[in-house]
Number of protein chains: 2
Amino acid sequence: MTDTETAVQPFTADDYAARMRRAAEQATAAGLDGLVVMPGPELVWLTGYRPTAITERLTALVLRPGHDPVLVVPALEQPDAEGAPGAAAVELEAWTDGQDPFARAGTLLGATATMGISDSAWAMHLLGLQAAVPGSRYRSLTDSLPMLRAVKDDAELARLQSAAAAADATYEQVVGLRFAGRKETDVAADLARLLREHGHEQVDFTVVGSGPNGANPHHEAGDRTIETGDAIVLDFGGLKHGYGSDTSRTVSVGDPSAQLREVHEVVRAAQQAGVEAVRPGVACQDVDRAARRVITEAGYGERFIHRTGHGIGTTTHEPPYMIEGEEQPLVEGMCFSVEPGVYLPGVLGVRIEDIVTVTADGGRRLNVTDRALHVVE
Amino acid sequence: MTDTETAVQPFTADDYAARMRRAAEQATAAGLDGLVVMPGPELVWLTGYRPTAITERLTALVLRPGHDPVLVVPALEQPDAEGAPGAAAVELEAWTDGQDPFARAGTLLGATATMGISDSAWAMHLLGLQAAVPGSRYRSLTDSLPMLRAVKDDAELARLQSAAAAADATYEQVVGLRFAGRKETDVAADLARLLREHGHEQVDFTVVGSGPNGANPHHEAGDRTIETGDAIVLDFGGLKHGYGSDTSRTVSVGDPSAQLREVHEVVRAAQQAGVEAVRPGVACQDVDRAARRVITEAGYGERFIHRTGHGIGTTTHEPPYMIEGEEQPLVEGMCFSVEPGVYLPGVLGVRIEDIVTVTADGGRRLNVTDRALHVVE
């Protein structure tokens, strides 16, 4: 079993302060005067603060180089914000019902500031800021600072490792269960249960693509009854200690056909080539190209219909993306999936996916279960 | 038992078309050139479409008086959108990765259009539209059309009635369970289980405020062990058939103190006065005033620290709000909570809440369980 749980230490206020400093520096480098961060994954990453609910009441972290970070919060939620692990690293400014929170936040911006703003900030909040500071300009945080959260520190890496180990343990247990005669949704429920048993607090997806359903990479799990002879794409993940898991294996129910054996071997080799391409300084698109070349040379290039990978951290999909056209160089500490696939419409699909981290020596897999074609019952 | 399930018929494309026409008319009346509606409760209400995930890929319903409604969707999600119950009432425009969805949506707006936009639309999407159509202006949908979804039609009312009956059945069962010696979170879990057993697909809140915790109206449920002599505020709800429930009762564990009896009777009378104030044409604030007057006259005015009620529909909190300053007149078909409370810090809280609908003859409660002070074990 691979569930070798790494001890996970809580993040400290210093960890959060360092992230906020880094974010402010990156904002300057990107030509921004600062950042406005609303509830969501960026706020959690920067402050550890996750409001109970995201509502019409404005909560906004304002970061400006040379100033202390300020977190504007509704007075009702001030006690919650004070309890956040990064609270000591921010100045809290509470506003009460009846006050204008946009005027309040607006005084923190320059009259003609250009700010990065969370992608998923509410439009009504952006409109409020635009009205309060008519000369202010805004750019989406992902457009302007795509790599803000991409490089993981050791404490984050320990969490991703723990999540990956839980996903590996889930895989090793699920292949011991019965597949033939059960519905995809039954196996999906097993995956969700096992992920939770291995410490996930949130399950985000449990793909079970049996037979022809495996050929649709957007298929999740349906009513189809699994039959002997099916290939099954399993792709599952969620959050553990706040960090994501995401792994895929393709198994055979009973003896695999010659076609499945062949396609599986191509995808396995492509995934290996993708992982081997990983090292600091290499462009993201070169990871995609390395995996794709193997599939194309085997004659299945038209059947590999998605990018090779995506970053992972406090969310299960985030930059960097391993895709043609992405010239971002890999940096030590980045973590992302390498997940090539081949999809034969109406017949079967095969995908193999590990989370990989960039080390000085090259790519290191966080998922380490066997990638050979496993036969289940 | 009150779980007299009303037959719930699916909404038809005609229902959705009528809502979209009404929304376009209201937009004109509010001085808008149209509406841009992003995934969320408004899109569900207008089209029945609820994307599997809300992502960076633009999905937007554009409503303009005199034009057919257009739903801009990512090509990957077109099959899902086509399956929405209101799909026949909209023109679908799919865009593929690599195309500019903002330019696409922008061609549907006039160069200087003023549009209402969903409150919770993503900032990156608003920024995309502002860049694609620099002369366009936007106002938050709730600011500009606060009563868009406030008046419920018969099919919606049937759903709210069904959700209320399920909440009532939950209350009637929970009071038969043991309270003393168990934790608040145990009772909260019972409430969630019962709501689901009575048909809720989503549980939004299960407040169990025991003893002094009941005095904090924002308390949910914690580790406190319930003791004989406690007052317990129970406030729970969620969604059934896509429509909300929300009800509160306050119970006594063992014989109630004289103080609890007195406060409970004041709140019961205030809630009755609030419900009796409901009729078409009365301002929302008059419902608040009617309930508040009873509490103030009993000497507890300073201890009633929140508004008297909120609307309910596809969300559990929405306009209209029963609050001082809200002059919106009540209209037949509006549905909202009437939920006065009294909170004695460090001692206890009492809240009584029913969902009420406006009829030609006055307010009609959808929750009908007994409001007397119930003694539990």
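Biologist: Hello! Where is His241(B) found?

Modeller: His241(B) is in the loop between β8 (231-240) and β9 (243-244) of chain B; strands such as these are DSSP runs of E with at least two residues, helices are runs of H or I with at least four, and both are numbered from the N terminus. Before we go on, this is a predicted model, in which local features need pLDDT of at least 70 and side-chain atom pairs count only at pLDDT 80 or more, while totals for chains, interfaces and linings use all residues. Residues are numbered from 1 along each chain as its sequence is written, chains are lettered from A and ligands numbered from 1 in the order in which they are written, and side-chain values use heavy atoms, leaving out hydrogens and water.

Biologist: What makes His241(B) partly exposed?

Modeller: Its relative accessible area is 35%. Buried means under 20%, exposed means over 50%, and partly exposed lies in between (1.4 Å probe, protein chains only), so His241(B) is partly exposed.

Biologist: What can you say about phi of His241(B)?

Modeller: Phi is near 50° there, a positive value in a residue other than glycine. In chain A, His241(A) likewise has phi near 50°, and His241(A) sits in the loop between β8 (231-240) and β9 (243-244) of chain A. At 35% relative accessibility, His241(A) is partly exposed.

Biologist: Why is Glu93(A) called buried?

Modeller: Glu93(A) has a relative accessible area of 18%, and therefore counts as buried. This residue lies in strand β4 (residues 91-95) of chain A.

Biologist: How do you know that the side chain of Glu93(A) makes a polar contact with the side chain of Arg104(A)?

Modeller: The two side chains are 3.1 Å apart in that contact. The term asks for a pair of N or O atoms within 3.5 Å (within protein, one must be able to donate a hydrogen and the other to accept it, and residues adjacent in sequence count only if both atoms are side-chain atoms). Not counting residues up to four places away in sequence, Glu93(A) touches Val70(A), Leu71(A), Val72(A), Val73(A), Arg104(A) and Leu108(A), where a contact is heavy atoms within 4.5 Å.

Biologist: Why are α5(A) and α5(B) called oblique to each other?

Modeller: Helix α5 (residues 123-132) of chain A and helix α5 (residues 123-132) of chain B cross at roughly 55°, and their axes come within 8 Å. Angles under 35 degrees count as roughly parallel, over 145 as roughly antiparallel, 65 to 115 as roughly perpendicular and the rest as oblique, so α5(A) and α5(B) are oblique.

Biologist: Which residues of α5(A) and α5(B) make the contact?

Modeller: Ala123(A), Leu126(A), Leu127(A) and Gln130(A) come from α5(A), while Ala123(B), Leu126(B), Leu127(B) and Gln130(B) come from α5(B).

Biologist: What makes α7(A) oblique to α8(A)?

Modeller: Helix α7 (residues 154-174) of chain A packs with helix α8 (residues 184-197) of chain A at an angle of about 140°, and their axes are 9 Å apart. That angle makes α7(A) oblique to α8(A). Ala167(A), Thr170(A), Gln173(A) and Val174(A) in α7(A) meet Val187(A), Asp190(A), Leu191(A), Leu194(A) and Leu195(A) in α8(A).

Biologist: Which peptide bond of chain A is cis?

Modeller: The bond from Pro319(A) to Pro320(A) is cis, with omega near 5°, and Pro320(A) is in strand β12 (residues 318-322) of chain A. In chain B, a cis peptide bond joins Pro319(B) and Pro320(B), with omega about 5°.

How values were computed: Axes are lines fitted to C-alpha atoms, for helices over the stretch in contact, and angles run from 0 to 180 degrees between N-to-C directions.
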